[in-house]
Amino acid sequence: MRWCIQNALVISGYSQADVIENACIVVEGNRITYVGPTQWMPPGPFDKTLDASRLIAMPGMVNAHCHSAANLVRGIMPSKPLEIWRAYYRASLRDMREDDFYASALLGGMEMLKNGATTVLDHFAGSAACRFMGAGAAIQAMRDLGLRHIVSLTVTDKNYEDTIPLGETERSLKDEIKRMSASEAKTTNAWLDECAEFIDTFHAPEKLTTACPGPSAVQRCSDPLLVGCADIARKKKLPLHIHLAETKAQQVQGNSIYGRSLLQHLDGLGIVDKNLSCAHSIWIEEKDVELFAKRGATPVHNPASNLRIGSGLAKVKDFLAAGVSVGLGTDGAASNDNQNMFDAMRLAALIHNQAGSDFNRWVSPTQTLAMATRNGAHAFGLDCGVLAPGKLADIVLLRRDSAAYRPMNDVINQIVFCENGSNVDVVIVNGEVVVERGRLTKVDEMEVLRIAEQSRTRLAPSMQRELAAAKTMEPALAEMYFRVFGK
């Protein structure tokens with residue numbers, strides 16, 4: 001199919017200067033073939049023409065880090081440090097099954113599409129009771145929605161107590177610690193075999209699916225598992241995604257185990273490369289910033305999550321000053337608690353503007369927009385994130401007849417600071433319209449809400465029981481937190 005979007009205000013996504021008034025975008029199949037002034041557009045015929053004279057066209061956003069299983073538990077988790085929060089979150093997943101993971105991914109995917117995200121990295125961790133932890137159900141949900149997705153299978157082969165500086169614990173906690181390890185850890189070879197099988201089963205870019213390895217975190221994986229995952233990704237030309245230095249406790253544990261930073265340990269294993277993306281990347285050293293720049297790896301900023309559970313602020317200004325390409329993510333709905341990339345952009349453009357700091361290094365709206373679009377696409381080797389000939393047709397159209405854009409003073413500033421997703425009118429993924437007039441075209445929205453509610457209702461008794469069990473861990477984890485910070 002060949003069609004065109006006429007008379008739009010186009011933000012191509014390359015730089016501040018790439019804003020084109022009264023522009024046209026021509027789409028053929030799943031690719032863009034023309035972006036430029038309407039008067040210079042190629043001749044027809046077109047199968048369809050969309051008058052966008054009251055619309056803004058921007059690249060579809062790339063949510064570079066989330067956990068789709070978390071959407072059913074938004075609003076439940078306490079605002080407490082990651083190590084405490086994670087005990088509750090992992091407990092909430094234990095009784096989830098494929099239908100629940102499908103419902104959860106469908107719910108979060110709907111929210112992302114309706115708020116202008118056309119691609120998501122799902123660092124998937126679910127239940128050991130399901131094949132591939134339930135990742136196949138999440139993939140099916142995103143295919144049904146028409147959402148481009150990279151699903152990075154979370155793997156870990158270390159026991160829980162070996163991954164944090166917990167210290168001595170009471171005997172009464174031993175059983176809960178064992179349950180946490182049993183729900184996550186497998187042997188190194190078992191995980192590598194499962195990861196390879198997962199990729200062989202689901203990797204299908206023509207179905208919008210990229211399947212790849214996702215080590216949980218450096219300190220949660222043995223060196224053979226880290227190297228094995230990197231080898232799989234390298235041989236199959238796939239991305240590699242990992243959590244990195246999210247909390248001070250992780251930094252402390254990394255220094256204790258490796259005698260150097262977590263990123264430097266990865267680099268010593270030959271893993272830090274252009275295909276590596278690292279969620280959070282907060283508790284790092286100056287040398288780590290230089291490593292990101294030298295190797296071309298991508299740190300992924302998750303501002304809402306980092307604020308919600310008090311992890312700290314990523315060194316985004318240092319990254320940008322060093323020429324590092326920074327991605328942007330929402331993280332999961334259990335620590336955010338939404339999947340709205342406009343919200344993530346606004347936070348990223350605001351929270352680094354500390355009083356007394358060099359305002360010339362504050363994160364600009366143009367930089368933030370790049371983080372939310374082309375930088376994420378670059379991290380995952382995707383040919384999208386900008387509006388240009390030859391790129392994949394992942395396009396978002398925003399209504400400009402709204403308070404957010406009246407008067408129109410600076411369209412990029414207003415997208416970053418004023419937009420909240422309520423003006424999303426049309427979303428195109430891979431050349432297909434998946435949101436029209438603000439509504440999904442491929443899935444019934446009320447049905448999404450119904451099955452999400454059905455899953456959450458079924459899970460209520462077991463979730464209450466598992467959360468109560470996790471609560472027994474909190475005193476020991478709290479003691480560790482205060483010890484790490486010297487309180």
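This is a predicted model: local features need pLDDT of at least 70, side-chain atom pairs count only at pLDDT 80 or more; totals for chains, interfaces and linings use all residues.
The side chain of Arg-131 meets that of Glu-197 in a salt bridge, with 2.8 Å from N to O. Arg-131 sits in the loop between strand E7 (117-124) and helix H3 (135-145), whereas Glu-197 belongs to helix H5 (residues 188-202), so this pair ties together parts that are 66 residues apart in sequence. Glu-197, for its part, has a relative accessible area of 38% and is therefore partly exposed.

A second salt bridge joins the side chains of Asp-383 and Arg-31, at 2.7 Å from N to O. Because Asp-383 lies in the loop between helix H14 (374-379) and strand E14 (395-399), while Arg-31 lies in strand E3 (residues 31-37), the contact ties together parts that are 352 residues apart in sequence. Asp-383 is partly exposed, at 30% relative accessibility, and Arg-31 is likewise partly exposed, at 29%.

Within helix H6 (residues 223-236), Arg-234 and Asp-231 are three residues apart, about one turn of the helix, and they form a salt bridge whose closest N and O atoms are 3.3 Å apart. Arg-234 counts as partly exposed at 41% relative accessibility, and Asp-231 is partly exposed with a relative accessible area of 30%.

Beyond these pairs, Asp-95, Arg-97, Asp-100 and Arg-458 are linked in a network of salt bridges, and a search of the whole structure finds 25 salt bridges.

Definitions and conventions
Residues are numbered from 1 along each chain as its sequence is written. Side-chain values use heavy atoms; hydrogens and water are left out. A salt bridge is a side-chain nitrogen of Lys or Arg within 4 Å of a carboxyl oxygen of Asp or Glu. Helices (H or I, at least four residues) and strands (E, at least two) are DSSP runs, numbered from the N terminus. Buried means under 20% relative accessible area, exposed over 50%, partly exposed in between (1.4 Å probe, protein chains only).
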